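Reader: I am new to this structure. Please show it to me, and let me ask about the terms as we go.

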Amino acid sequence: MRAAVLNGVGEALTVQTVPDLTPGPGEAVVRIKTAALNHRDVWIRKGQYAGLKFPIVLGSDGAGVVEAVGADVDPSWVGQEVVVNPALGWGEGEAAQDSKTFQILGLPQDGTFAEQVRVPIDNVFNKPRELSFEQSAALPLAGLTSYRAVVHRGEISFEDTVLVTGAGGGTAVFALQFAVASRTKVYVTSGSAEKIETAKGLGAVDGVNYKSDGWDKSLKQMAGGFDLIIDSAGGENVNKLIEILNPGGRLVTFGATAGNVDGFVMRRIFWKQVSLLGTTMGSPTDFAAMLHFVDQQRIRPLIDRVFPLEKANDALDRMEAGAQMGKIILAVG
C-alpha cells in the first residue's frame, strides 16, 4: 500500500510503498478513501509533541471501507463504509480517559495518511449515510473534541449565549455548528474578517477580530456577556474571557496554542462562581452521540480544501499557516 511517511523531525512526508496490513484479534483493517489533517500532525512534524517515534504514518482522521477483520470479529463488517474513532484505549469511565491506555491514532500507532489503517473494531463506526467520504473524514478528532466540549462538558442550553474563539480551524468550526444546532446565540473571534463572515454564514450572530484592541470589550457590547465559552488557545486572553463570562458561566478549554495563562486572578473564578472545565477528545459514547447529533441536525462539515496524498506536505503547510477555514482533506484512495 501507499503511505505518507514522516521519517524525522522537520522532514517532508514521503509517499512510500509499505507492507499491507493484516488484522489481529478484535481488529479491522480499513481501506482509507479520505483522511483529514489536524494541528496535531503539524506539531508532530515540528517535533513539538510527546512520544515521538520514526518512521511514522501521521493522521488521526479517516473514512473508508472495511477490508478485513480478525477471526473473532463479525465478518459482516467487511465491505461496510465506515469512519474511524481516533481515540484509542479510552477506558471504562466517562469522566476522563485512562492515562495508562489512552492514545490518539497517528502516534504512536500508524495513522490514516495511508491506503490502509488497522484499529480495534470498537473504533469503527458506520459512516453517516448523507455525508460524503470527504465530509465523514472531517468529523472524527475535531468533531469528537468539539461535541464533548460543547455538549458533554459545556452542558449547552438553548438559553445560553455562546462564544467560540479562533473560528477557522476545524475544531472551532464544529463547535460553532454544534452550538448553532443547539439553538443558541453564538459569537466568534477570529484573526480574519473573511473567516468571521463565513462563521456568520454558518449561523454565528457576529464576531470580532482578536487582533484588534479592545476585542473583549467589543464582544461585551455585542452580547452583554457569555454563559459558555469554548476556547482552544489559552494564553493571556483567558483572563479576558473570564471577565466577559456571565456569573455562573462556563469556560471549556481543550488547547494551549497560545501558551499558559500569566497573571491568573483567582477572584475572577470564585467571585463570579464560574466553572473552568478541561476536556480532551472524548469517549466511545461521546463519539456515537456526536455522529447521531450530526445526523439528526443534518450538520455538514465545512471542507476547506482537498489535496491528493502526494501533496500531503502542501496540506500540512496550509494548516501550519492557519490559512484554512474548516477541515483540510487528503484524497487517499
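**Terms and values**

Reader: Which residue of β6 stands opposite valine 65?
Author: Glutamate 81 stands opposite valine 65. A word on the basis: this is a predicted model, where local features need pLDDT of at least 70, side-chain atom pairs count only at pLDDT 80 or more, and totals for chains, interfaces and linings use all residues. Residues are numbered from 1 along each chain as its sequence is written, and side-chain values use heavy atoms, with hydrogens and water left out.

Reader: What makes β5 and β6 a pair?
Author: Two strands pair if DSSP finds at least two bridges between them. Strand β5 (residues 61-69) and strand β6 (residues 81-84) have three bridges and run antiparallel. Strands are DSSP runs of E, at least two residues, and helices are runs of H or I, at least four, numbered from the N terminus.

Reader: Which strand pairs with β6 over three bridges in the antiparallel sense?
Author: Strand β10 (residues 124-126) does. There, asparagine 126 stands opposite valine 82.

Reader: Why are α3 and α4 called oblique?
Author: Angles under 35 degrees count as roughly parallel, over 145 as roughly antiparallel, 65 to 115 as roughly perpendicular and the rest as oblique. The axes of α3 (residues 140-153) and α4 (residues 170-181) cross at roughly 50° and come within 8 Å. The two helices are therefore oblique. Axes are lines fitted to C-alpha atoms, for helices over the stretch in contact, and angles run from 0 to 180 degrees between N-to-C directions.

Reader: What classes of residue make the contact of α3 with α4?
Author: Seven are nonpolar, five polar and none charged. Nonpolar means Ala, Val, Leu, Ile, Met, Phe, Trp, Tyr, Cys and Pro; charged means Asp, Glu, Lys and Arg; the others, Gly among them, are polar.

Reader: Why are α3 and α9 described as roughly perpendicular?
Author: Their angle is about 90°, with the axes 9 Å apart. The helices are therefore roughly perpendicular to each other.

Reader: How many aromatic pairs does a search of the whole structure find?
Author: Seven. Rings of Phe, Tyr and Trp (its six-membered ring) pair if their centres lie within 6.5 Å; planes under 30 degrees apart count as stacked, over 60 as edge-to-face and the rest as tilted.

Reader: Why is the pair of phenylalanine 125 and phenylalanine 287 called tilted?
Author: The ring centres of phenylalanine 125 and phenylalanine 287 are 4.8 Å apart and the planes stand at 55°, so the pair is tilted. Phenylalanine 125 lies in β10 and phenylalanine 287 in α9 (residues 284-296), so the pair ties together parts 162 residues apart in sequence.
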